[in-house]
Amino acid sequence: MKLEEIRTLEDVQAFLEGTQAVVFEVIDSKAVRYRWIERVLIRFNYSKLSKKQRGLVIRLLMKVSGYSRQQVARLVKCHRTKGRVSCGRVGGVRFARRYTEQDIALLVETDRLHDVPNGLAVKKIFERAWVEYGDERFRRLATISVSHIYNLRKSASYQRQRTWRAKTQSRQIDIGTRKRPQPDGKPGYLRVDTVHQGDQDGRKGLYHINAVDQVTQFECVVSVEKITERHLIPALQMLIDGFPFEILGFHTDNGSEYINYKVAELLNKLHIEFTKSRTRHSNDNALVECKNGHVIRKLLGHAHIPQDCAGAVNEFNRSCLFVYVNYHRPCLFAKREVDERGRQKKLYPYERVQTPYEKLKSLPEAWQYLKPGVSFEQLDALAANGAAGEVGTAPRSDDPIPAVRSRRADRSSCASVDTEAQC
């Protein structure tokens, strides 16, 4: 049975239920498809059918034409109102076009010659061309409004003839000062960076917040689960409290974990200068980047450490790492020399190899840089106890006044300076 042989509603019912085999081809042309729908509606006298019978005809039209129920309903409505299924454009009000393609071409030429001026300037150019120079081409454009100039620039005709690309505008954020800190030999100017402890199977590892003093190379590390506001702000407070001297400056790269208003508010409350690295000056934060590799990566490695281990790692940082790095690990301090041609050269003589604590004590009038309640006698005891087996801890963030404490460490894990380096 062919599609044209479906004459009755019983044939339609059998075809839809699949009990009657029907041979038909898919219609590709929209016009042919519309004519077939129109013939089916006329054949079954659709307007006089019952609701149930109309449903059968609608299902037949949907199955054969491939149209959705909404589209078939629109075509049936068009046939009932106009007497035919039309594929023409549904009419709408078309306004007379005032500015022609020639006017748009003149706008394109004007923008090209004058490097795309603003709308007011373009209107003035059109007006002068017609009024003062009598150029007939600009008769209509001389009265154009400023806003419609921008409408014409957005038109497809204008875009085909002329396109321009605006460069990405840099965004100025008024958080921190973009400069390199100048400590002038005074401790308390920190370089801060974040070290990520690897991913594994799609799971993030913990983060280390590493802070290094520029003058003495005093270092403090705090480990956190995430670098969100909830974890980062207490970690920064702990870092600032961990140093035995007053903090005067805080320098970071341009990472969003530090360049935000919460961190700026914390530093402003503590009267700490907030600076960030300059563009195309990769050495601005080189000191802490170097410490990331020579201290954190050597002692903690590159392997993944789960985020829920942040508390245990942070306890290790306070009990072992802080004392070892600052009181027993020698650092090299550069000596600058200027040759006869005015070039600076850095030398690292043996007499300048010191621990950060020794460097701090060697500064002129070093006692004046210490925090209230902290003395060199306490720090000397901390260094001695750490070497003998009692490992001191860095001040905790919940102390009202940062102070130095010590506790008895497990001798199996940190019995000497050599074993501390292996913790």
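The model is predicted, so local features need pLDDT of at least 70 and side-chain atom pairs count only at pLDDT 80 or more, while totals for chains, interfaces and linings use all residues. Residues are numbered from 1 along each chain as its sequence is written, and side-chain values use heavy atoms, with hydrogens and water left out.

The protein chain has 15 helices and 14 strands; helices (H or I, at least four residues) and strands (E, at least two) are DSSP runs, numbered from the N terminus. Of its 423 residues, 43% count as buried, where buried means under 20% relative accessible area, exposed over 50%, and partly exposed in between, with a 1.4 Å probe and protein chains only. The accessible surface of the protein chain comes to about 25,000 Å², and 50% of this belongs to carbon and sulfur atoms; such areas come from the Shrake-Rupley method with a 1.4 Å probe, and for residues only the protein chains shown count as cover. Among contacts in the protein chain with a separation of 6 or more, 62% are between residues 24 or more positions apart. A contact means heavy atoms within 4.5 Å.

An open sheet is formed by 6 strands in the order S1-S8-S7-S2-S5-S6, with mixed pairing. Strand S1 (177-178) and strand S6 (219-224) stand at the edges with a single partner strand each, so one side of each is left without a neighbour in the sheet. Two strands pair if DSSP finds at least two bridges between them. Strand S5 (residues 207-213) pairs with S6 in the antiparallel sense over 6 bridges; Val-212 has Glu-219 in S6 as its bridge partner.

Two helices are described against this sheet. Helix H9 (residues 229-242) lies across S5, S6 and strand S7 (249-252), and runs at about 160° to S6. Helix H11 (residues 286-300) packs on the sheet and touches strand S2 (189-196), S5 and S6, its direction making about 130° with that of S5. Axes are lines fitted to C-alpha atoms, for helices over the stretch in contact, and angles run from 0 to 180 degrees between N-to-C directions.

Asp-184 lies in the loop between S1 and S2 and, at 67% relative accessibility, counts as exposed. Asp-184 and Val-215 are 31 residues apart in sequence, and their C-alpha atoms are 8.7 Å apart in space.

The structure holds 0 disulfides, a disulfide being a pair of cysteine sulfur atoms within 2.5 Å. Cys-78 counts as buried at 14% relative accessibility, whereas Cys-309 counts as partly exposed at 30%.
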